[in-house]
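Welcome! Take a moment to look over the chains below, and then we can walk through them together, one contact at a time.

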Amino acid sequence: MFRILVRRFIEVVIFVLVITFISFLFVRLAPGDPVLSILQVDDVSVTNEQVNELREELGFNDPLLVQYCDWFADFIQLDFGHSYLTNQPVMEMVMSGLPATLELAVGALLVMLGIAIPLGSLAALYRGSWIDQVSRAVSLLGAAIPSFWLGLLLIDLFAVRWGALPTMGRDGFRSLILPSVTLGLAITSVYVRLLRSSLIDSLSHDFIRAARSRGISEIRIFFAHAFRYSLPPVITVFGVSLGSLIGGVVVIEVIFAYPGIGKMVVDSIRSRDYPVIQGYLLVMAIIVFMVNSAVDLSYRYLNPELRLKERNHGKWS
Amino acid sequence: MFRKCRSIFIVCLAFLLLTACSTESAKDQVGGKKEVNLLFNFATSSLDPNVDTSYVSLRAGITETLVHLNDEDLTIEPWLAKSWDSKDGQLWNFELREGVTFQNGKPMDGKAVKASLERAMNDSPAIKNALRIESIEADGNALTIKTEVPFPEFPSELVHPNTSIIDVKESDYINKPIGTGPFAVSKFIPGTAVDLIRYESYWDGAAKLESARFSFNEDANARSLALESGDADIVFRPEVESLENFKAIDGVKVESTSTFRVHQMTMNLERKALQDIHVRKAIDALIDRSSIADTILHGHAEVATGPFPSTFSFAPDYPKKENGMEAAKGFLDQAGYKKVDGVMQKDGKPLTFTLLTYSSRADLPLIAQVFQSDAGQLGIDVKIKQIEIPEEYMAANRDWDLTTYSNLTAPRGDAGYYLNATYHPKGALNFSGADDDYLTSLIDELNVTVGQEKRSDLAEEIAMYVDEQVYNSFILHPNTLVAYDADKVENWITSRSEYYMLTNELDVK
């Protein structure tokens, strides 16, 4: 047990070192200069000497490795720095935007599950029927409609015409509905098709036939055996989706003025606010790492075959 | 099976409860109050008035500055400072308005203003550069400020929203800055909205509104829809295409006001062809300003004759210029260019330009395309190159000839900012590379000239010289569009500076 913990710890340390160094390198090597944003050159009269002075003061003229070591020295003391533009502590900024984005991501996933599970299951159970055609059409539409357009359509219908929901903002559950539905519909298409094909595959296995021969009811066969067996590939994609949902819901956040982390980081990239970008990348990397670990663990729970294989190979961890 | 369903149900329920508890519904708070909701196009995650570049605190009436910009005659006037004077442009005496209190009831006196300005300079390198203050002395309501160098435009720099005066002893600058304005912060939802309540002891008379909401949305379509749905009462920069829809809605009024911004064609004077004034004049003549204003900006723009909008006292009456294809051809003739096989050339070399443009201002790439098409008719090959951040690209690369660029020209009522930044060899926005001894001496003279009238005369002379030399070409001043529910909102004034939005006069019917 101790050895496993030590191994995990070393893995995490290497992961953090690699991810922070690569992201630091990419952020700094990308063209751009935060000094111009900090000095508000488009609004305040500034001379070239003042620009150079600040650049020197902030250490941008130092070699990249020196800059990284400076950043890392602060980082190991859990000092993630302050935003160049607003002077806010970086972690405070990231942590204040994260709940909104998580809310949106979870809302979208619930909408997706609410549509994809019944539609994908029915499409698999009634292959080739009209319901299968409907699911195909829904998937195609979902994949083809740009989410910003869908969002505006939903605002027009539910907020302008019916006055049932707010157009924007983060004011409780009602304001979460439209952005969640928009985002949920956008990702549903992938899952409907994936669940359908995975279910069709699992329904054709011998253990289903065996279950039927034992007289187990169709409903129980479907949920307790076939559905569970078909989940691993869906969960793999689910893990990737969750990562991309947390990192990339910018368009939805902008349209619905939902104050999440995606929009915050896009603004930071635009103004080359390095500490904020760096802090965001670190938090995202840790979240994605955790989600992927959770996905890995879930395979073993959902698919007994895997557990059996591991046991046969003598892996008990 | 049942246990699994129950777990999922509990997780969903917990999530719903969490989101429902996160914030209370905005509409619940509004019921029956004298309130407006203004929807602005830049979001902010911090209300700190000394560093927030969206200037929300000043715009929302939370804070005020020492000096105010009069929107009608575009001159500076007293605000928190009652008066000011300086004999040499370096030592300034300010007399503060009496009886002004912060929203926590504490008095705004010299000591508080000194602390606030020092804090602004400490936290914002931009403001430190802009104010160039060496020392501040406070005595009661009198303030003596010494600048590092003679700095005659100093009072106009105090119009800048980041010089807002706050009580620095109240340190939650990000969520609840304490200013002297007619509205105090009641709740701030970063990136979404700030809720405001009337400050009863406001020095210029308590606001007519009981409360207000200043919300943000960066999507123009979504802003238009918010006005249509009634979620917002005043909307900044709605989508131009949605104006037709607004006409069909009773009571919606659209105001279109010219700004202090100019869309210009920046010329790289280090390129050989552009060192010939006749080529620069040809480019200027080729720009079809009226057509660009009418078609690309749907008429919501003022055709530019120079950098400063015509209402400024330092905007000269420029002599009428020759424009159009024939005039451009005439200038190129004078520069020695001839059209051979449809290509404009000199000494066998074709005239070609690399034109930079960027998409953060949607109209600029379209202007570039119109220019490319018009130049093509004259046999000039224009290659358009899309860039991301123009300031960075133009400063670091000299492989371009022209750029469609947008500049603020006199945001605080003085020409000094634009002329220094754009035409002085040391200016950070001097992308054209202007290094003209006569022009530099004129700007240096402006920098030590005290007195608004004298400064205006000199700025006018400089603007005229820049026009004669055609160092840059000016296309148009884009308008700001504001749509609002005129059946509900009363006393709304669309500020040309865009600094002043929620005021104590704003009311509902």
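This is a predicted model: local features need pLDDT of at least 70, side-chain atom pairs count only at pLDDT 80 or more; totals for chains, interfaces and linings use all residues.

**A walk through the contacts**

Arg272(A) forms a salt bridge with Glu388(B), and the closest N and O atoms are 3.6 Å apart. Arg272(A) lies in the loop between helix H12 (261–270) and helix H13 (274–302) of chain A, while Glu388(B) lies in the loop between strand S19 (381–387) and helix H13 (390–396) of chain B, so this pair joins two chains. Is Glu388(B) buried or exposed? At a relative accessible area of 54%, Glu388(B) is exposed.

Chain B gives 60 residues to the contact and chain A gives 55 residues. Between them the two chains bury about 4500 Å², with 56% of it on carbon and sulfur atoms. How many salt bridges are counted between chain B and chain A? The count is four. Another salt bridge runs from Asp171(A) to Arg213(B), whose closest N and O atoms are 3.1 Å apart.

Now let us turn to salt bridges inside chain B. Glu270(B) and Arg398(B) meet through their side chains in a salt bridge of 3.0 Å, N to O. This pair links distant parts of the chain, 128 residues apart: Glu270(B) is in the loop between strand S13 (261–267) and helix H9 (277–286), and Arg398(B) is in the loop between H13 and strand S20 (402–408), both in chain B. Glu270(B) counts as partly exposed at 48% relative accessibility, and Arg398(B) also counts as partly exposed, at 28%.

Asp414(B) forms a salt bridge with Arg455(B), where the closest N and O atoms are 2.9 Å apart. Why does this pair tie together separate parts of the sequence? Asp414(B) lies in the loop between S20 and H14 of chain B and Arg455(B) in helix H16 (residues 452–469) of chain B, so the parts being tied are 41 residues apart in sequence. Both Asp414(B) and Arg455(B) are buried. Salt bridges can also share partners: Lys263(A), Asp267(A), Arg270(A) and Glu218(B) are joined into one network in this way. A search of the whole structure finds 34 salt bridges over all chains.

Aromatic rings come next. Over all chains, the structure holds 37 aromatic pairs. In one of them, the ring centres of Phe40(B) and Phe42(B) are 5.9 Å apart and the planes are at 75°, so the pair is edge-to-face. Phe40(B) is buried at a relative accessible area of 0%, whereas Phe42(B) counts as partly exposed at 41%. Phe308(B) and Tyr418(B) also form an edge-to-face pair, with 5.8 Å from centre to centre and 80° between the planes. Phe308(B) is buried, with a relative accessible area of 2%, and Tyr418(B) is buried as well, at 0%. In chain A, ring pairs link Phe21(A), Phe24(A), Tyr68(A), Trp71(A), Phe72(A), Phe75(A) and Phe80(A) into a cluster.

Rings can meet charges too. Arg132(B) lies over the face of Phe151(B), at 4.4 Å from the ring centre. The charged end of Arg412(B) sits over the ring of Tyr417(B), 5.7 Å from its centre.

We finish with a sheet in chain B. Three strands form this open, antiparallel sheet in the order S15-S16-S17. Its edge strands are S15 (338–340) and S17 (349–350), each pairing on one side only. Strand S16 (residues 343–346) pairs with S17(B) over two bridges, and Gln345(B) stands opposite Pro350(B) in S17(B).

Technical notes:
Residues are numbered from 1 along each chain as its sequence is written. Chains are lettered from A and ligands numbered from 1 in the order in which they are written. Side-chain values use heavy atoms; hydrogens and water are left out. Two strands pair if DSSP finds at least two bridges between them. Helices (H or I, at least four residues) and strands (E, at least two) are DSSP runs, numbered from the N terminus. Rings of Phe, Tyr and Trp (its six-membered ring) pair if their centres lie within 6.5 Å; planes under 30 degrees apart count as stacked, over 60 as edge-to-face and the rest as tilted. Buried means under 20% relative accessible area, exposed over 50%, partly exposed in between (1.4 Å probe, protein chains only). A charge sits over a ring if NZ of Lys or CZ of Arg is within 6 Å of the ring centre and within 35 degrees of the ring normal. Contact means heavy atoms within 4.5 Å. Buried area is the accessible area (1.4 Å probe) that two parts lose on being put together, summed over both.
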